[in-house]
Amino acid sequence: MAEHDVRFLRLQFTDILGKNKNVEVPASQFEKALDGEMMFDGSSIEGFTRIEESDMLLKPDYNTFVIFPDEIEDASRGRVARLICDVTYPDGTPFEGDPRGVLKRQIERLKQLGFDSMSAGPEPEFFLFLRDEEGLPTIETHDQAGYFDLAPIDKGEEARRDMVNVLVDMGFEIEAAHHEVAPGQHEIDFKYADALETADNIATFKFVVKRVALLHGLHATFMPKPIAGINGSGMHTHLSIFKNGENAFYDPKAEYQLSRTALNFIAGLLAHAPGMVAITNPLVNSYKRLTPGYEAPTNIAWSASNRSAMIRIPARRGVGTRAELRMPDPSTNPYLALAVMLAAGLDGIEKDLLPPPSIQRNIFSMTVRERRRHKIKELPGTLREAIVALEKDEVIKEALGEHIYHHFIQAKRLEWEDYRITVHDWELDRYLSEY
């Protein structure tokens, strides 16, 4: 690191809600940090430990080393590097409350079943909003552009280009960047990778997007539905698993060229959708995105063609055969989200589950009777419903582990109760003068 004039090293990890955390150390502590001997107080981190057992160690994953570009870190004080860490107890035992460890356990389970890896490709969307005179975020945007629009050039487009440049400098392979459907809404897609690398990339992506937006005087938010009446932000995630270097989802002789393994995996995702949606869509606000009319799925179904289903099979085949899970949103903890997706799919493989027939029609236009005839159930409509479904799903609970499950449920119950007892502007507008 000395040859790059790196003087500060960030040891990064996430709490159970997916918020990036870090301990920054100076050059004098690099050796200690690289040896995994940096200790921190876990009792202050959401969902970690109690006061009486608070000491935690950060074990860096050397594969995640990257030097932050000068565009987002002032190099005049020395350059800053980053390592993503696993969290352990002082004796080196993996901490069961580490979200990254939850994903690693599911990856190990995948390998025990004879597969190489799960590939994941996310499509995170976000909004760029103006800040007020005090620097606080608003929900005002300076563009009225729509899907794939490119003119006129504005701060949003300039900021998005700078985000892409920074991400490329940090090793990302960017596949596309464009304006999304709603005003002020953007999407930057980066190349798929194995599940752990993808989760690390999502965490890094969120940091870069927010940092670059701030430098442009804007606020970037991954809140799923910041404005009523327009599309919310999702994070469609493309999934496939590989065995012996081949895509295990591809079978050129099968219907839709989807292997039995692919059908098993899809069936597992469908079966556990109600339980895992509390993880993939973890906010009260998440369920205001999951409403009909805004391109977000509300029904548990799959389709080999149309985008109204929760799971869509993109047209590409061969090595690119994959299932696109369309309900997750970018507020999710990426480690926990990919862990429960993998757990659900593997349960389908282990139990040889098969999905119902592919729905080729637009589900949004089907009547209630037609949906019932096709055995199409609805996703939970509120965070409370999602919590109840999670409490009943033993596969997802086991994947999370008792520690994270307990703390996650506790945090989400408190969030729902706080929302439930708050008097909102809608209620005042609707009832104050009338009653």
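**Exercise 1.** Determine which residues cover each face of β9 and whether they are buried or exposed.

*Solution.* The model is predicted: local features need pLDDT of at least 70, side-chain atom pairs count only at pLDDT 80 or more, and totals for chains, interfaces and linings use all residues. Residues are numbered from 1 along each chain as its sequence is written, and side-chain values use heavy atoms, leaving out hydrogens and water.

Step 1. Strand β9 spans residues 185-190; strands (E, at least two residues) are DSSP runs, as are helices (H or I, at least four), numbered from the N terminus.

Step 2. In a regular strand, side chains alternate between the two faces of the sheet.

Step 3. One side of β9 holds Gln185, Glu187 and Asp189, the other His186, Ile188 and Phe190, and all are buried. Buried means under 20% relative accessible area, exposed over 50%, and partly exposed in between (1.4 Å probe, protein chains only).

Step 4. Because six of its six residues are buried, β9 is largely enclosed by the rest of the structure.

**Exercise 2.** Find which strands pair with β9, and over how many bridges.

*Solution.* Step 1. Pairing requires at least two DSSP bridges between two strands.

Step 1. Strand β7 (residues 117-130) is antiparallel to β9, with three bridges; here Phe126 lies opposite His186.

Step 2. Strand β8 (residues 174-179) is also antiparallel to β9, with five bridges; His178 has Glu187 as its bridge partner.

Step 3. Five residues separate β8 and β9 in their hairpin, where Gly184 adopts a positive phi near 75 degrees.
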